[in-house]
Amino acid sequence: MMHFRFITHLDTFAVIAKLFSLKPATWKGEPARGEPDICRSRSLLLRHHNKPTTDNWLQDLPLHDSAELQAWVSLNRLLLQARKAIFTDAGTRAVLDPSAPPGRVMLSAVSKQNAVMWHTDSGPYHDRHIRFHIPLVTNPLCFLQVQNEQVHMEVGSLWWFNNKFQHTATNWGQHLRVHLIFEMPILSKKSDSDEA
């Protein structure tokens, strides 16, 4: 597969009680991401830049942790385990900057019998980060598709996902789907003047 890379399975059990206490079925969506107008998903931003808007969402701005993420011990532990696994994987380790601060973190819910419109993530932020998914709640009829490749991601599976090409998320099942989505910075390319 060109647009997906399975890395490992992680234990997500410890984060589920807190997740459901946040009532994902009631999330209103993040306007900066085009929700609910363009997307049919609803996100809860956990690490993001201050005051995100549609005008600055694609900019590579400093990030901060939300109060929910700061207090969510089990999710922070899961993110650390994911980071360790990602840097153990030769394919992802080769392109990532281990000294750079982590990128955005969000929870993305897609309601039953629904799909996110096809789109591409571009702009300065996405040029400098790559995306990973960990499904927390899913059903067998949930898929991510990039161009002509499609996968169903099992609960706890950690995947690199190429969001720089046309992609969509679908949930044709009867239950909510929630993924933990986080991004990590890639190594910056040295210009000719840097090497001189």
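This is a predicted model: local features need pLDDT of at least 70, side-chain atom pairs count only at pLDDT 80 or more; totals for chains, interfaces and linings use all residues.
Me: What is the strand order in the open sheet of four strands?
Reply: Pairing in this sheet is antiparallel. The edge positions go to strand 5 (114-115) and strand 8 (149-151), each of which pairs on one side only. Read across, the order is 5-10-7-8.

Me: How many bridges join strand 7 to strand 10?
Reply: Strand 7 covers residues 142-146 and strand 10 covers residues 167-171. The two run antiparallel, and the number of bridges joining them is five.

Me: Which residue in strand 10 stands opposite Gln145?
Reply: Start with strand 7, which spans residues 142-146. Its antiparallel partner here is strand 10, residues 167-171. Across from Gln145 you'll find Thr168.

Me: How many salt bridges does the structure hold, counting everything?
Reply: One of them is Arg47 with Asp65, and another is Arg131 with Asp121. The total for the structure is five.

Me: How many residues apart are Arg47 and Asp65?
Reply: Their side chains meet in a salt bridge at 2.6 Å, N to O. Arg47 sits in strand 2 (residues 41-48) and Asp65 in strand 3 (residues 64-65), so the pair links distant parts of the chain. The separation is 18 residues.

Me: Is Asp65 buried or partly exposed?
Reply: The cut-off for buried is under 20% relative accessible area, and exposed is over 50%. Asp65 comes out at 26%, so it lands in between and counts as partly exposed.

Me: Which parts of the chain does the Arg131 and Asp121 salt bridge tie together?
Reply: The two side chains meet at 3.1 Å, N to O, and both residues are buried. They are 10 residues apart in sequence. Arg131 lies in strand 6 (residues 129-137), so the pair ties that strand to the loop between strand 5 and helix 5 (124-127).

Me: What is the relative accessible area of Glu183?
Reply: Glu183 lies in strand 11 (residues 177-185), 52 residues apart from Arg131 in strand 6. Buried means under 20%, and Arg131 qualifies at 4%. Glu183 is buried too, with a value of 2%.

Methods: Residues are numbered from 1 along each chain as its sequence is written. Side-chain values use heavy atoms; hydrogens and water are left out. Two strands pair if DSSP finds at least two bridges between them. A salt bridge is a side-chain nitrogen of Lys or Arg within 4 Å of a carboxyl oxygen of Asp or Glu. Buried means under 20% relative accessible area, exposed over 50%, partly exposed in between (1.4 Å probe, protein chains only).
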